[in-house]
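My notes follow the display.

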Amino acid sequence: MIFNDDFPQSDYIRALSLFKVLKLLARLMVIIETFQESIVNQYVLHKHHLLEGSKAKDVLQVVNDIIALHATSTGTPYLSLFARMKNFQRKHLDEEFYVKRTLMRLRAMRGTLFVVSTESAPILYQATKLP
């Protein structure tokens, strides 16, 4: 490459070095964003009891941790709990509904039916009621 007096070789080398540094920083930013996304995904999966080490032991804990269980179809809450709990049995949800009365069904977001805790039901109702 031919260098002229307006652009000495040392400036060219500095510019090239700066370009390489910026290119490296761009790659690092992509790695950091991917890493952060991975951390967030792991946190959400853990909080929703979908990782093997995060399975819950209590129905009410699951419902409170994920705010509400989708319940438009009668089998959906059972399937959701089966995926999120250790040794889940159908009687566990039935007991929370009919014996302990800690859960209830509520039309909430988009008018969809959800299973929610009786403790959080008033808040969800107020937050999602139609005007």
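Which side chain meets that of Glu 96 in a salt bridge? I looked it up in the model, which is predicted, and found Lys 100, with an N to O distance of 3.3 Å.

I then went through the other charged pairs. Lys 100 also forms a salt bridge with Glu 95, at 3.6 Å from N to O. The count comes to 2 salt bridges.

Next I checked accessibility for these residues. Glu 96 has a relative accessible area of 5%, so I list Glu 96 as buried, the limit being under 20%. Glu 95, at 34%, counts as partly exposed. Lys 100 is likewise partly exposed, at 46%. Through shared partners, the salt bridges join Glu 95, Glu 96 and Lys 100 into one network.

I turned to the nonpolar packing. The largest nonpolar core has 15 residues. Val 59, Leu 81, Met 85, Phe 88, Leu 93 and Leu 103 are the ones that touch the most other members. Three helices, α2 (59-65), α3 (76-84) and α4 (90-98), each supply at least two residues of this core. The largest share, 3 residues, comes from α2.

I looked up Met 85 separately, leaving aside neighbours within four places in sequence. Met 85 is in contact with Lys 55, Ala 56, Lys 57, Asp 58, Val 59 and Val 62. Of these, I had already noted Val 59 among the core residues that touch the most other members.

Definitions and conventions:
Residues are numbered from 1 along each chain as its sequence is written. This is a predicted model: local features need pLDDT of at least 70, side-chain atom pairs count only at pLDDT 80 or more; totals for chains, interfaces and linings use all residues. Side-chain values use heavy atoms; hydrogens and water are left out. A salt bridge is a side-chain nitrogen of Lys or Arg within 4 Å of a carboxyl oxygen of Asp or Glu. Buried means under 20% relative accessible area, exposed over 50%, partly exposed in between (1.4 Å probe, protein chains only). A nonpolar core is a set of buried Ala, Val, Leu, Ile, Met, Phe, Trp, Tyr and Cys residues joined through side-chain atoms within 4.5 Å. Helices (H or I, at least four residues) and strands (E, at least two) are DSSP runs, numbered from the N terminus. Contact means heavy atoms within 4.5 Å.
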